[in-house]
Amino acid sequence: MASVLYQSIETLSRDKGIEPEIVVGAVEDAIALATRKYYKTQENMRAEMDRDTGEIRAYVYKTVVETPEQVEDDINQLTLDQARELAPEVEVGGELRFYKDTTPLGRIAAQMAKQVIFQKVREAERDTVFNEYNHRAGEVLNATVKRLEPMDVIFDLGKAEARMPKREQSRLEQFAVGERVRVVLLRVDRAAKGPQVIVSRAAPGLVQNLFQSEVPEIYDGTVTIRAIAREAGERTKIAVQSRDKDVDPVGACVGMKGMRVQSIIRELRGEKIDIIEFSEEITTFAEKALQPAKVSRVSITDLGEKQIEVIVDDTQLSLAIGKKGQNVRLAAKLLQWKIDIKSEEEKRQEVEQQMQAMSGGPTTPIEQVTELGEAVLEKLIAAGITTVEALADMTPEQLEEVPGIGEKTVEKISVAVRHYFGQYEEGEERPAVQAPAAAEAASENEEAEADTVNKTPEAILAEAAETGTAEEVDDTSSEEIAEAEDEASDAFSDADAREEQIESDNDSVDSLVNESQEISDEGIDSDGPDRG
């Protein structure tokens, strides 16, 4: 019949899930260590437990060597001659043991032995837990809430404790001690001080297990779950596919009047679930993954990088993106593709910019925006923004991505660009400052005109001759120029012109009269004497 001590060891082994021999070995090691400490010796000491009587004896073991020259440790080795004096049948390499009295061991030795036993048992227990759960990662377990810690929830798995960290909890869930829940086994942390089994209620595997439990078509393999994207406590998107063309995979998961999916939603404390039919065509799958938003078109922009572009109506953009980008983020996780989502208006502007760039549109250096300081200009140019047009096309979000550009600077840039294009809001003062270069040019022109008026033609010709800019434009003589000037009218009005014409006619009549009178006088002088 086993002793009371050994019966206690068996009970402890069953509770901890470890073998009794492990506990017995721990007890023997503890007694040997305590005895060695008590006698303050370095002898090789072992303890043996009698399972029937419960007595634990300690022995000193010494190894037998052949000659004295081979003795390296006087404490733990004996020569063959010395050993045969005590035990004639002993051989080289054998051991002799000597009893060590453990009766004098006191309270300190017992306390030391207790600590050793606890340590050995704890290590054995951790090894047992590791071997039990390490290969079961991803499995859904039934657990009971054992206690609530500030950040963690401790579960009782039956054979071990499990810990659920804060990041593995759903924000919608609250637990009470003694409550039974289903958890997903994530991993076994052998180096953890506390419970080394880590479980989760936020893993997608929990949703998959719930669907397998509630939907018979998934359990028997008619409907398969192809992908799950989950943000615990918020929303889950699950893609399903049917192997039977007569079975609607989405309808099978939803159930009659939504009974099946409602049961899962209750288990997840009200988490939203989108059930999507899987498609091998990525564009079709993307349209369904972005539901409830309606997608206008989907195009693959980079097949190697797995990137697609989704265009939606302007009114559907916010719905497609979702709250804090949740809808498009879950869709991208479900597809395992990058999604660039744009509205129709954004796409139109992008196409216009591309066409403008291809046609070589106007480009104005960014330095023309005079309201921007040198520091801001340097930052923009360093970021590759060198034209006013490129700056005007950028969104505030894009500007904030430029190093050194903050929110206030973005506002200043927006106002400066708006003023550059002559757009002023009510109350804003338009700058009356003339460009220095233009003012200087205007001043030079005025001075040149004034000099020209004040100078005589001879002075102008002299200056032109000195500078070599004078050139002959016609071969007309000065007399001809004078006659042309005389013939030219000096009248400043119609009345002056008529008066000038009358004077000209009168001069002509006077000239004719004078010529007639001269001719008449010449004829009288030659013919008069002949008639007398």
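Helices (H or I, at least four residues) and strands (E, at least two) are taken here as DSSP runs, numbered from the N terminus. The model is a predicted one, in which local features need pLDDT of at least 70 and side-chain atom pairs count only at pLDDT 80 or more, while totals for chains, interfaces and linings use all residues. Residues are numbered from 1 along each chain as its sequence is written, and side-chain values use heavy atoms, with hydrogens and water left out.

The protein holds 20 helices and 15 strands. Of its 532 residues, 33% count as buried, where buried means under 20% relative accessible area, exposed over 50%, and partly exposed in between (1.4 Å probe, protein chains only). Contact means heavy atoms within 4.5 Å. Among contacts in the protein with a separation of 6 or more, 56% are accounted for by residues 24 or more positions apart.

Helix α1 (residues 4-16) packs on helix α2 (residues 20-39) at an angle of about 125°, and their axes are 8 Å apart. Axes are lines fitted to C-alpha atoms, for helices over the stretch in contact, and angles run from 0 to 180 degrees between N-to-C directions. Angles under 35 degrees count as roughly parallel, over 145 as roughly antiparallel, 65 to 115 as roughly perpendicular and the rest as oblique; α1 and α2 are therefore oblique to each other. Their crossing is right-handed, a crossing being left-handed if the near helix is turned anticlockwise from the far one by less than a right angle, and right-handed if clockwise. On the α1 side, Y6, I9, E10, L12 and S13 meet P20, E21, V23, V24 and V27 of α2. By class, this contact of α1 with α2 comprises seven nonpolar, one polar and two charged residues. In this classification Ala, Val, Leu, Ile, Met, Phe, Trp, Tyr, Cys and Pro count as nonpolar, Asp, Glu, Lys and Arg as charged, and the others, Gly among them, as polar.

Helix α5 contributes L210, F211 and E214 to the contact, and α8 contributes R260, S263, I264 and E267. The contact of α5 with α8 has three nonpolar, one polar and three charged residues.

The interior can be followed through its nonpolar cores. A nonpolar core is a set of buried Ala, Val, Leu, Ile, Met, Phe, Trp, Tyr and Cys residues joined through side-chain atoms within 4.5 Å. The largest has 26 residues, of which I308, V310, L334, L335, I339 and I341 touch the most other members. At least two residues of this core come from each of β10 (223-231), α9 (282-289), β13 (295-302), β14 (307-312), α10 (317-321), α11 (326-335) and β15 (338-343). Helix α11 supplies the largest share, five residues. Leaving aside neighbours within four places in sequence, L334 is in contact with A227, I228, A229, K237, A239, I276, F285 and A289. Apart from this core lies another, of 21 residues, among them F211, I218, I228 and I264.

In the loop between α9 and β13, which contains Q291 and P292, a cis peptide bond joins Q291 and P292, with omega about 15°. Q291 is partly exposed, with a relative accessible area of 39%. Q291 and N327 are 36 residues apart in sequence and 8.2 Å apart in space, C-alpha to C-alpha.

K306, in the loop between β13 and β14, has a phi of about 55°; at 40% relative accessibility, K306 counts as partly exposed. Q336, in the loop between α11 and β15, has a phi of about 65°; at 58% relative accessibility, Q336 counts as exposed.

Finally, T364 lies in the loop between α12 (344-358) and α13 (374-382). T364 is buried, with a relative accessible area of 18%. Neighbours within four places in sequence aside, T364 is in contact with T386, T387, V388, E389 and Y420.
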